[in-house]
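Here are my notes from going through this one. Have it open in your viewer and follow along point by point.

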Amino acid sequence: MGAHPHVGAGVLRNEDPQLLTGRAIFVDDVHLAGTLHAAFLRSDFAHGRLLSVDTSAAKRREGVIAVYTAEDLGDYWCHGPLLVPPPPIAGLTFNTATLVPLARDRVVHVGEPIAVVVAESRYIAEDALEDIVVDIEPLPVVVGLEEALAPDSPVIHEALGTNVAAHVVQQKGDYEAARGDAHTVVSRKFSYDRGVAGAIENRGILADWNARNEELTVWDTTQAPIPIRNGLAERLGLLQSQVRVVAPFLGGGFGPKMMMFYPEELLIPWISMRLERPVKWIEDRAESFFATTNERLQLHEAELAVDSEGRILGVKDVFLHDSGAYDPYGITVPINTQCTLLGPYRVPNYYSEFTAVFTNKTIVTPVRGAGRQHGVFVMERLLDFAAKELGIDRVEIRKRNFLTPDEFPHDHEILFQDSAPLVYDSGDYLPAMEKAAEMIGYRKFLDEEQPKARAEGRRLGLGIVSYVEGTGIGPYEGARVSVEPSGKVQLATGVGTQGQGHFTTFAQIVADQLGVDVTDVHVVTGDTREFSWGTGTFASRGIVVAGSACHEAAIVVRKRILSVASEALEAAEDDLELADGVVRVKGSDLSISLGELAVRANPLRGAVAAGAEPGLEATSYFGPARGTTASGVHAMIVEIDPETLEVSIQRYVVVHDCGRLVNPVIVDGQIHGGVAHGIGNAFFEELVYDDQGQLLNASFMDYLLPTATDVPHMEVAHVETPSPLNPLGVKGVGEAGAIPVGALYAQALEDALQGAVEIREIPLSPGRLFDLVQDAEADS
Amino acid sequence: MRVLMPDTLEEAYGMLAAEPLTPVAGGTDLLAHWPGNHDARKRAYLDLSGVSGLRFMHWGDEALTLGGLTTYSDVIWDSRVVEEFPLLADAGGQVGSIQIQARGTWAGNIANGSPAADGVPVLMAYDAVVVLGSEEGDQEVLLADFYLGYKKMRLRAHQLIRAIRLPRREYDFQRFVKVGARNAQAITKIGVALTRSEERWRVVVNSMAPTVRRCPALEAMLDEDRPVSGPEDLLTAIREDLAPIDDIRSTAAYREKTLARVLYFDLKGVCPSFA
Amino acid sequence: MDRYTTATLRVNGQDLQVVFPTHHTLLEVLREECGLTGTKHGCELGECGTCTVLVDGEPVLSCLALTAEMEGRSIETVEGLQDGNELHPLQAAFADLGAAQCGYCTPGMLMTATALLAENDDPSADEIRTALAGNLCRCTGYHKIIEAVEWAAGVVRGDAGAGPAREVLFGSSVPGEGS
């Protein structure tokens with residue numbers, strides 16, 4: 001295979017020249033002459049009967065072109081697709097309630113679209129929303145998870161007759177028997193809430209139906225342009241080849257920009273076809289809090305059975321999951337919770353049961369981590385409490401329970417979100433824990449620094465937790481590699497980018513096979529006209545699945561290059577080497593450039609032999625049977641201000657294992673961003689709903705993303721346990737950093753407060769810590 | 001919308017006298033969520049940004065005067081202010097972000113009337129006087145008397161905040177503490193400005209009442225050296241002076257008790273009556 | 001119907017005469033009338049910093065600034081940062097250290113950092129954090145951004161060895177402008 005000068009190196013990003021100079025094109029940067037602008041009228045009520053919508057005044061407003069309600073959609077109105085059907089788990093209950101394009105008889109969450117105005121300018125469209133008269137009869141609102149299941153609770157989807165979205169039990173071994181054998185059983189209730197993705201770029205769509213050549217072009221802030229293209233074609237009665245979906249540069253994704261078939265995503269193209277003009281809708285920030293999916297609360301009742309040495313005998317977890325008003329994404333989030341809870345530990349007996357519940361709130365779908373946070377929190381907290389009860393050091397109890405390298409592949413005997421068995425491919429957890437403990441100075445902190453600080457009246461605490469995450473799931477991705485006569489390489493794939501550096505990492509993989517510079521590999525992605533097959537960028541799968549497809553395609557092209565070169569240079573393929581954009585006969589000056597070979601492979605005279613193909617081009621697909629398992633350990637030291645209970649992070653350490661690193665600079669960046677998101681989740685961000693399902697803090701002034709002053713400097717190190725499931729040995733990393741931070745905060749803050757409180761919830765805040773401390777003082 | 005853009009103060013006064021106009025200086029409060037803000041876009045505005053001679057800092061023998069267009073940034077980066085009125089720089093540096101500091105004005109912070117205004121407590125703790133200008137001439141109001149209730153103030157429609165005057169005094173103690181929900185760019189949960197000059201204390205608190213306000217009960221405790229043995233000894237006075245509420249940013253209990261702790265620990269080494 | 005205003009804006013050193021609806025913000029006029037879409041928006045509320053440009057050298061949230069008052073003032077956007085084919089030291093440092101991910105907050109970060117370095121060419125990490133606190137980023141955790149600004153400050157000061165080791169060119173060079 002030759003040397004790999006590029007994979008593994010922190011090469012400069014190919015996309016940066018465009019991004020750093022303001023030339024990169026994002027959806028809202030596409031300006032087409034004659035574009036109309038859409039604005040959505042959204043429900044102010046969380047639950048209600050929609051009695052009437054009067055759009056007549058809006059239609060009369062100067063500059064308004066059209067106003068549509070559900071009634072105007074005719075056959076186009078229908079429930080959207082179930083995006084991810086649940087895995088085939090025995091005994092599973094799943095009740096489907098998918099999105100509708102515009103509310104018809106009922107509104108089921110604040111922000112649900114009721115009507116859309118199309119006007120000559122965004123301002124006119126916004127103003128015309130004020131002209132629409134909506135009559136909604138409010139219905140009792142379902143907010144709490146336990147309340148949703150109460151016998152007298154209002155039912156959100158009458159046809160279902162229940163607020164249960166799903167009920168799932170998965171088990172391994174016999175938990176009750178294990179419990180009987182246990183030395184100690186630790187039982188607790190936990191609540192873990194999450195929040196918005198918070199991409200700085202809001203969602204947006206520009207659709208342009210060209211009636212003359214009957215082509216629809218849709219610029220869409222989607223993480224999955226190909227599925228969106230396929231779905232739009234089907235819904236609009238067009239061939240897939242008539243629809244082009246472009247997800248150019250995206251200003252962050254983090255989950256909610258997946259193949260959601262949001263109402264706006266379905267309506268804007270439809271409107272463009274009707275009006276035969278380009279139509280644009282750009283979400284505003286307030287809308288994003290209601291209309292873009294997010295992730296929220298789970299309530300767990302869990303217990304951990306251990307022997308006297310702290311070895312895990314079994315875990316039982318029963319939890320409620322907030323689905324929000326619809327469940328288009330199936331049970332992906334709670335099943336991730338269920339599967340991630342097991343962590344890097346040997347858990348011989350496991351009973352996990354969850355009920356997903358409809359509520360009158362924004363729809364829940366994966367957000368960076370996608371339910372993994374909740375599971376990690378429960379397991380790590382249970383281990384902390386068990387350690388305390390048994391008098392075992394918290395690092396030690398984890399070490400005693402880690403799976404060891406000889407136990408891989410490790411089958412957990414339950415099904416993962418991709419319907420494949422939850423089997424860990426590889427891992428080596430002990431060195432990561434030891435490295436993290438060493439980096440944070442675990443012993444020194446506990447033995448010297450913390451006692452000294454306490455003597456001075458300072459409240460310092462340390463946290464150290466570990467986790468695994470399933471990444472790199474199927475079904476498949478593809479890539480097409482072509483060497484052009486210029487000698488440059490074009491690489492097309494369906495996996496769009498929202499900042500992960502695909503223009504660089506995919507190019508690195510191909511550059512290594514073809515012996516060219518990374519900058520000579522031009523990556524095209526996120527445009528269905530350029531590559532037609534695949535799914536999208538989510539579930540930490542880009543580098544694993546699409547990266548492997550790039551690798552496979554490049555190997556085929558490499559073979560073809562050698563074959564053509566062998567003929568051209570009259571030398572055996574084994575005697576040839578590829579480097580610096582040329583094929584050379586080893587140990588001689590005889591060489592030919594890739595550009596010349598590309599010309600030779602596409603002759604103007606003569607014939608291409610039967611069975612052969614012209615050009616130096618190949619398309620390959622990669623579909624892993626199951627996902628790869630990445631892992632990590634995070635550690636931090638915090639200080640709590642005794643006056644205000646504000647928390648400052650003094651040190652933050654990450655030891656991470658995502659297999660082989662393609663680009664360490666990019667990998668570190670992914671981890672840094674994930675940690676920042678996790679810090680937000682743990683301590684700053686909270687969606688505050690009142691009892692009427694109204695979100696009270698729908699702005700960045702009250703929903704607090706961490707700023708540059710809130711995120712500490714991070715020390716990141718790597719352990720590389722290659723995955724056996726793909727040729728590159730890589731594992732996913734996009735979500736990693738965000739996953740264990742809640743568990744980490746809880747442990748560190750508890751430590752800083754010297755055990756005065758027990759933390760069983762996320763998010764925290766100075767105010768929440770204040771309440772916990774007050775409650776604890778009142779109790780004692 | 002209409003935007004009137006006067007060049008001089010006199011011109012601005014004339015325009016204000018002629019019709020109802022919303023004055024705009026930095027626009028940092030006004031233009032928030034602009035496209036969706038239907039009503040705001042229908043109004044007529046008096047854009048003061050072009051008015052000459054309104055952005056200044058004048059050092060007189062008796063007072064420092066800030067112009068009606070003087071921004072936070074103007075003050076933050078001024079070494080003389082940092083030396084003589086350090087709380088202005090402290091508080092100015094904690095208002096929003098540096099982008100807001102570059103455009104936001106002290107006068108605008110006063111006129112917007114937010115109970116969480118970060119610039120107002122320190123001005124009030126320095127006994128600032130608000131100079132209101134109009135065609136009828138100047139009117140001066142002590143900032144501590146300026147607010148009448150939530151978003152209500154002694155500012156009539158034809159008047160502009162032309163200047164803010166701060167008496168120059170010797171202070172032997174001055175401090176501003178802001179407790180926000182994150183380290184920067186946060187709306188204040190608790191803010192307190194403290195000054196002591198010639199044995200007299202000023203305690204000004206924001207975010208804990210319908211207006212930024214001075215705290216006479218706390219000031220009296222400090223002026224009279226009443227013994228304080230712990231944060232809880234301050235709670236009665238805090239409750240007398242202030243009326244915090246539970247909102248999404250914080251709770252009344254957190255605000256009261258945290259303010260007590262902040263005051264106690266910050267003043268412990270300063271006031272001999274604090275045990 | 002909308003009232004319109006005509007004004008001459010000095011953007012990145014060039015005078016542009018633009019006609020725009022009076023109520024349009026500087027953000028909108030830059031992106032729509034001037035075609036300078038490098039300046040992004042994330043909230044239109046003054047809460048994310050993404051739309052930061054420089055007005056007379058000061059960092060200004062263009063979503064909160066009426067264009068009508070920009071006549072005669074000097075506006076700088078991300079498109080004006082580089083000098084020919086040569087990146088501004090901040091841009092070069094962002095590239096070298098991997099400080100951009102999705103790149104959406106990046107123009108605002110670059111402009112705010114430009115203003116910081118004009119005021120203080122030797123900022124500490126804490127000073128950089130404070131200066132950038134109004135610019136939200138969801139991708140990077142700010143880590144590499146802070147490092148990049150520190151590094152670029154060294155280049156601006158002319159400290160030997162502080163800057164990127166090599167010249168960084170953007171994309172393909174423009175024919176005729178040399179390297």
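1. Start with A:I543, which counts as buried because 35 C-beta neighbours lie inside 10 Å of it. The cut-offs: 20 or more other C-beta atoms within 10 Å of a residue's own make it buried, 12 or fewer make it exposed, and anything in between is partly exposed, with C-beta atoms placed from the backbone. A:I543 sits in helix α15 of chain A; helices here are DSSP runs of H or I with at least four residues, strands are runs of E with at least two, and both are numbered from the N terminus.

2. What does A:I543 touch, leaving aside its neighbours within four places in sequence? The partners are A:T505, A:V662, A:V730 and A:G732, where a contact means C-beta atoms, placed from the backbone, within 7 Å. The C-alpha atoms of A:I543 and A:G472 are 7.8 Å apart, although 71 residues separate the two along the chain.

3. A word on provenance: this is a predicted model, with local features needing pLDDT of at least 70 and side-chain atom pairs counting only at pLDDT 80 or more, while totals for chains, interfaces and linings use all residues. Residues are numbered from 1 along each chain as its sequence is written, and chains are lettered from A and ligands numbered from 1 in the order in which they are written.

4. The largest nonpolar core has 409 residues, and A:V117, A:L491, A:V510, A:L749 and B:V192 have the most contacts inside it. Such a core is a set of buried Ala, Val, Leu, Ile, Met, Phe, Trp, Tyr and Cys residues joined through C-beta atoms within 7 Å. Helix α15 (residues 542-569) of chain A gives the most to this core, 14 residues. On the chain B side, B:V192 touches B:P121, B:V177, B:V203, B:V204, B:V205, B:L259, B:V262 and B:L263, not counting residues up to four places away in sequence.

5. Chain A comes in three pieces by an automatic or database domain assignment: domain 1 (16-23 + 474-622), domain 2 (32-139 + 201-251 + 257-291) and domain 3 (298-473 + 625-779). The C-alpha centres of domains 2 and 3 of chain A are 36 Å apart. Between them, 26 residues of domain 2 of chain A meet 25 of domain 3 of chain A. Helix α8 (residues 285-291) of chain A gives the most to the domain 2 side, with four residues. That side has 19 nonpolar, six polar and one charged residues, taking Ala, Val, Leu, Ile, Met, Phe, Trp, Tyr, Cys and Pro as nonpolar, Asp, Glu, Lys and Arg as charged, and the others, Gly among them, as polar.

6. Chain C has five helices and five strands, in the order β-β-α-β-β-β-α-α-α-α. Of its 179 residues, 60% are buried. In α3(C), twelve of the 14 residues are buried, including C:M109, C:L110 and C:M111. Its 14 residues should span 20 Å at 1.5 Å a residue, and the end C-alpha atoms are 20 Å apart, so the two agree; the expected span is 1.5 Å times one less than the number of residues.

7. Where chains C and A touch, each gives 45 residues. The chain C side takes its largest share, four residues, from α2(C), and divides into 21 nonpolar, 16 polar and eight charged residues.

8. Lastly, 25 residues of chain B contact 23 of chain C. The largest share of the chain B side, five residues, comes from α6(B).

Note on methods:
Contact = placed C-beta atoms within 7 Å.
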